[in-house]
Amino acid sequence: MKIKESFDRLTSNLSPGIILMLFVGILLLILSNSLDNKASKSRVNDSGTGIRSLTGKEDNNSWDRSGENATEERFRILLESIEGIGECQVMLSKDMTGVCIVCEGADNSETAKEIRNISMALFDIPAHKVMIVKLKGV
């Protein structure tokens, strides 16, 4: 009974407009959480084994793509969209103080300079914290 009494006391002091706004706010929070879950699930392909990049290319790496790795994925997609870089893999240190990029175009000094400048600008790190190496087998 104490809960009902507390609720009655609370609602007697609030106007119907305020109660409606609280209800709508709670409803919006629930809906936004639901939409976020649907959006993240839609990034997994039909087989549930990877993510399609903006180029339609599927990446089946086995490591987790949530949280901190989402930044790596977005950065990889960005780099691969730049001419001359080609296929690449990206690793960021957990505290965002270092970047390692392995890509096809790393042997071209202008491309490597461009990658270094992008990394320095995006992650606010000095040049010596950016490692760029050529992708194996290219």
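Modeller: A disulfide here is a pair of cysteine sulfur atoms within 2.5 Å. This is a predicted model, where local features need pLDDT of at least 70, side-chain atom pairs count only at pLDDT 80 or more, and totals for chains, interfaces and linings use all residues. Residues are numbered from 1 along each chain as its sequence is written, and side-chain values use heavy atoms, with hydrogens and water left out.

Biologist: Fine. How many disulfides does the count come to by this rule?

Modeller: The count is 0 disulfides.

Biologist: What about cysteine 100, how far is its sulfur from the closest cysteine sulfur?

Modeller: That distance is 9.8 Å, to the sulfur of cysteine 103, so it is too far for a bond. Cysteine 100 is partly exposed, at 28% relative accessible area. Buried means under 20%, exposed over 50%, and partly exposed in between, with a 1.4 Å probe and protein chains only.

Biologist: And cysteine 103, buried or exposed?

Modeller: Cysteine 103 is buried, with a relative accessible area of 0%. Cysteine 103 is in no disulfide either; its nearest cysteine sulfur belongs to cysteine 88, 6.0 Å away.

Biologist: Now the sheet. What is the strand order?

Modeller: The order is β3-β4-β5, in an open sheet of 3 strands with mixed pairing. Strands (E, at least two residues) and helices (H or I, at least four) are DSSP runs, numbered from the N terminus. Two strands pair if DSSP finds at least two bridges between them.

Biologist: Which strands stand at the edges?

Modeller: β3 (88-92) and β5 (130-134) do. Each has a single partner strand, so one side of each is left without a neighbour in the sheet. On average, neighbouring strands of this sheet are turned by 10° against each other, direction ignored. Axes are lines fitted to C-alpha atoms, for helices over the stretch in contact, and angles run from 0 to 180 degrees between N-to-C directions.

Biologist: How many bridges join β4 to β5?

Modeller: There are 5, and β4 (residues 99-103) runs parallel to β5. As for cysteine 103, its bridge partner in β5 is lysine 134.

Biologist: Where does α4 pack?

Modeller: On the sheet, where α4 touches β3, β4 and β5. Contact means heavy atoms within 4.5 Å. The direction of α4 makes about 150° with that of β5.

Biologist: Next, aromatics. How many aromatic pairs does the structure hold?

Modeller: It holds 1. Phenylalanine 75 and phenylalanine 123 are edge-to-face, 5.0 Å centre to centre with 90° between the planes. Rings of Phe, Tyr and Trp (its six-membered ring) pair if their centres lie within 6.5 Å; planes under 30 degrees apart are stacked, over 60 edge-to-face, the rest tilted.

Biologist: Which parts of the chain does the pair link?

Modeller: Distant ones, 48 residues apart: phenylalanine 75 is in helix α3 (residues 68-80) and phenylalanine 123 in helix α4 (residues 109-123). Phenylalanine 75 is buried at 3% relative accessibility, and phenylalanine 123 is buried at 14%.

Biologist: What about arginine 76?

Modeller: Arginine 76 is in helix α3 too. Arginine 76 is buried, at 8%. Its side chain makes a polar contact of 2.8 Å with that of glutamate 80. A polar contact is a pair of N or O atoms within 3.5 Å; within protein, one must be able to donate a hydrogen and the other to accept it, and residues adjacent in sequence count only if both atoms are side-chain atoms.

Biologist: Last one. Where does serine 93 lie?

Modeller: In the loop between β3 and β4. Serine 93 joins side chains with aspartate 95 in a polar contact of 3.1 Å.
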